[in-house]
Amino acid sequence: MLVKYVAGSITMNDLNLWATAYRQILQNHANPTEMKFWLDALNWGKLEPMASGKVHIFLTAPSVFYANFINQQFKAEIESATSQILGKSCEVSIAVLESKPAEEVEEAIISISNTSVNNTFENPLSPPTASDFTPAMAQSNQSSPSPGFVNRGSHKSNVIINDFLDPTLTFDNYIMGPSNQFAYASAFSTSEKPAVQYNPLFIYGPPGVGKTHLLHALGNQIKKKNPHIRAYFVSAEKFVNEFIESIQHKNPGDFRAKYRDNVDLLLIDDIQFIVGKDRSEEEFIHTFNTLHSLKKMIVLTSDKAPKDIDGLEDRIRTRFEMGLVADIRPPEIETRIAILKAKAEADDMYLPDDVATFLGTYVKDTVRNLHGALVKLQQYASLTGSEITLDLAKQVLQNSIPEEGQEYTVEIILNAVCKHFNLKMKELKGTSRAKQFSMPRQIAMYLIRKYANLGFREVSQIFDKDHSTAVHAYQKIELEMESDPELKRNVETIREQL
């Protein structure tokens, strides 16, 4: 039974409440595409009046990962939207929907949609069913399906390929933070329902931030759950070289059979490498079309977003963008420190907290450089028999880090921003969303995060905002400086004043 509430003159049943809140949250969120990804993972459960006068809203998520992440990052936004719509204070609970008998599920939860992907599509990477076997196979007394993907219309040749997946790169040892959480979640979600909801998945970001790790993690996760599928990890450069060799040896048919008939999960790293190589581009398009039409999963990485890849043809760009596009940025200090600690633990290396903080503070650009700095320190300590200390780290890495004096206090940065924009401190820290105040405020958050060695949570507390506001401000300023000369000039002028 649908419980009805009245907000003003509007009668609102619980399903309409969720649909209205869904739209409102997307409209107000800084990144609607990312927010939609998380909201789509939720299903409506029920709502109940509480003795305190509040309304208790129950939502369900498909896994513990989703439930925990949404609880931490977006619960407040959901509560705010539903409270505003109902005119009553709402408390949201998000739980994992466990497998239960149909009668219990019907009583416990009302789905907001009867057309979820689970009911609409079959998983094309699911194991073969009885109907997929031929009589000859049935007579062979095989107790399990033969390796290989269910034939759904493609010709299957006898070519056997190595998947080239690195088994050591998994979701478990991938360190997630604000800079990569959307890409991580996109890859994780894709591994749960490959080729169902988003196809292709396109992950982009600068070199050395973890794109390749996610490709391997996704492939390993899918193969763990679906050992019968045929995955193939390849760099775009290798794809091009293999195609050139097939032309030289006059056997392009084998190349096409390998990629179109014998691959269920295609993972291509650094796809931007194919740009400008006309015949390779053409071959990629045909391969893409064939796999996509057969609902085979395609995952690609690049150093830039599809729209920013110079020389990329529109017909390829539109294919890249027809699924889900997710970005990874250089890790923030909390993530950098977590990466260092995880790496040290994996290498059975003792890394004092002050050394991890020192490295995380000054090695800022890529995960690859973080690993390099740690390895250099580890090797020096091992060769000299030295104990790893902060003084040793400064000595070993003195040529790789900036002067410590390049850090600035929060007060210096705030004063510089106020002076540049002719604002009072209370205006800079205020709540007005007018651009004349909000843009300087976002610039201040960006500069504090970048130069005062504070985490996002600490930055948000300076302005009495929530954590996500500081993350959004940093990412917005960093991104828009690339296309907005005036913004870039303002930021650089303030930085020079520091």
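Is Lys307 buried, partly exposed or exposed?

1. Lys307 is exposed, its relative accessible area being 62%. The model under review is a predicted one, and this value is computed from it. The side chain of Lys307 joins that of Asp308 in a salt bridge, with 3.3 Å from N to O. Asp308 is partly exposed, at a relative accessible area of 36%.

2. Salt bridges in the structure number 21. Side chains of opposite charge can pair when their charged atoms come close. One of these bridges joins Glu283 and Arg256, at 2.9 Å from N to O. Because Glu283 belongs to helix α12 (residues 278-293) and Arg256 to helix α11 (residues 252-261), this pair ties together parts that are 27 residues apart in sequence. Glu283 has a relative accessible area of 4% and is buried, whereas Arg256 is partly exposed at 34% relative accessibility.

3. A further salt bridge is formed by Lys296 and Asp264, whose closest N and O atoms are 3.4 Å apart. This pair links distant parts of the chain: Lys296 is found in the loop between α12 and β9 (297-302), and Asp264 in the loop between α11 and β8 (265-269), 32 residues apart. Lys296 and Asp264 are both buried. Together with Arg230, Asp264 and Lys296 are linked in a network of salt bridges.

4. Turning to the rings, the structure holds 20 aromatic pairs. Phe171 and Tyr184 make one that is edge-to-face, with 5.4 Å centre to centre and 75 degrees between the planes. Distant parts of the chain are linked by this pair, since Phe171 lies in the loop between α7 (135-139) and α8 (181-192) and Tyr184 in helix α8, 13 residues apart. The relative accessible area of Phe171 is 4%, so this residue is buried, the cut-off being under 20%. Tyr184, at 9% relative accessibility, also counts as buried.

5. Which residues form one aromatic cluster? The members are Phe164, Phe202, Tyr232, Phe239, Phe243, Phe255, Tyr259, Phe284, Phe288 and Phe320. The ring of Phe164 also has a charged neighbour: Lys238 lies over its face, at 3.8 Å from the ring centre.

6. A charge is likewise placed over the ring of Phe58. Here the charged end of Lys46 sits 5.4 Å from the centre of that ring.

Note on methods. Residues are numbered from 1 along each chain as its sequence is written. This is a predicted model: local features need pLDDT of at least 70, side-chain atom pairs count only at pLDDT 80 or more; totals for chains, interfaces and linings use all residues. Side-chain values use heavy atoms; hydrogens and water are left out. Rings of Phe, Tyr and Trp (its six-membered ring) pair if their centres lie within 6.5 Å; planes under 30 degrees apart count as stacked, over 60 as edge-to-face and the rest as tilted. Helices (H or I, at least four residues) and strands (E, at least two) are DSSP runs, numbered from the N terminus. Buried means under 20% relative accessible area, exposed over 50%, partly exposed in between (1.4 Å probe, protein chains only). A charge sits over a ring if NZ of Lys or CZ of Arg is within 6 Å of the ring centre and within 35 degrees of the ring normal. A salt bridge is a side-chain nitrogen of Lys or Arg within 4 Å of a carboxyl oxygen of Asp or Glu.
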